[in-house]
Amino acid sequence: MDDVKKEVPLQYLSEEELLCEFISPQSARQLICEYNSLYNIMTHLSLKQLAVAKGMGESKVRKLACVREFMKRIQQARKAQITRITAPADVAAYFADMEDLQQEEFRVLFLDTKNQIMGQKTIFIGTVNAAIVSAREIFHAAIQNMATNIILVHCHPSGDPFPSREDKQTTASLVKSGKLLHILILDHVIIGKNTYCSMKEKGYMEDIQDR
């Protein structure tokens, strides 16, 4: 009887060992040492950064690019299942991709009267206090989408979703503009790392909407 070596179950492999399933042990070791985790490698590195690791040829870079594409498509399929917003957690799940962004992004979610999702738009990439300048773009897009309600969403790359003074000022300004156009801002959700902050849920929207 042949002595067949039993494969170690995947859940017991280290991150370096898992990476070795796709690239050479030398490349896997270098990448893990330099970037600390599979998470950082798969979410934060550009393909050019991957390509300069020792032993990484075009075919191996492509393998990791394919894994990223798998991850992206799974996330998109999960997102497509969310068609109606019933709670801030739905917003956080819909915009889960924002957890891994390295720059702040400000997006708007367009809803109908029953809070069914009608679409979304990225308004800008950069610092959140620039949102005041983008009020025209936000509401122009809302009108184009025939949205009755909208939800503001942006991320904090630091991972801490606690709203800054600028976040609160931006929200107040946009709520005021929305009232003039009869477009209701239901919430402003800030995405952090594995967490989020709903400004409505935390009570920050109450004073604004009563003004």
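Mentor: One definition to start: the expected span of a helix is 1.5 Å times one less than its number of residues. Helices here are DSSP runs of H or I with at least four residues, and strands are E runs of at least two, numbered from the N terminus. This is a predicted model, where local features need pLDDT of at least 70, side-chain atom pairs count only at pLDDT 80 or more, and totals for chains, interfaces and linings use all residues. Residues are numbered from 1 along each chain as its sequence is written, and side-chain values use heavy atoms, leaving out hydrogens and water.

Trainee: OK, so how far apart are the end C-alpha atoms of helix H5?
Mentor: They're 32 Å apart, which agrees with the 33 Å that its 23 residues (58-80) should span at 1.5 Å a residue.

Trainee: Which residues of H5 are buried?
Mentor: Val61, Leu64, Val67, Arg68 and Lys79. Buried means under 20% relative accessible area, exposed over 50%, and partly exposed in between, with a 1.4 Å probe and protein chains only.

Trainee: And what do they pack against?
Mentor: Several elements, including helix H1 (15-19), helix H3 (38-44) and strand S2 (117-125). Contact means heavy atoms within 4.5 Å.

Trainee: New topic: how many disulfides are there?
Mentor: Zero in the whole structure; a disulfide is a pair of cysteine sulfur atoms within 2.5 Å. For Cys33, the nearest cysteine sulfur, in Cys20, is 11 Å away.

Trainee: Is Cys33 buried or exposed?
Mentor: Exposed, at 58% relative accessible area. Cys197 counts as buried, at 5%.
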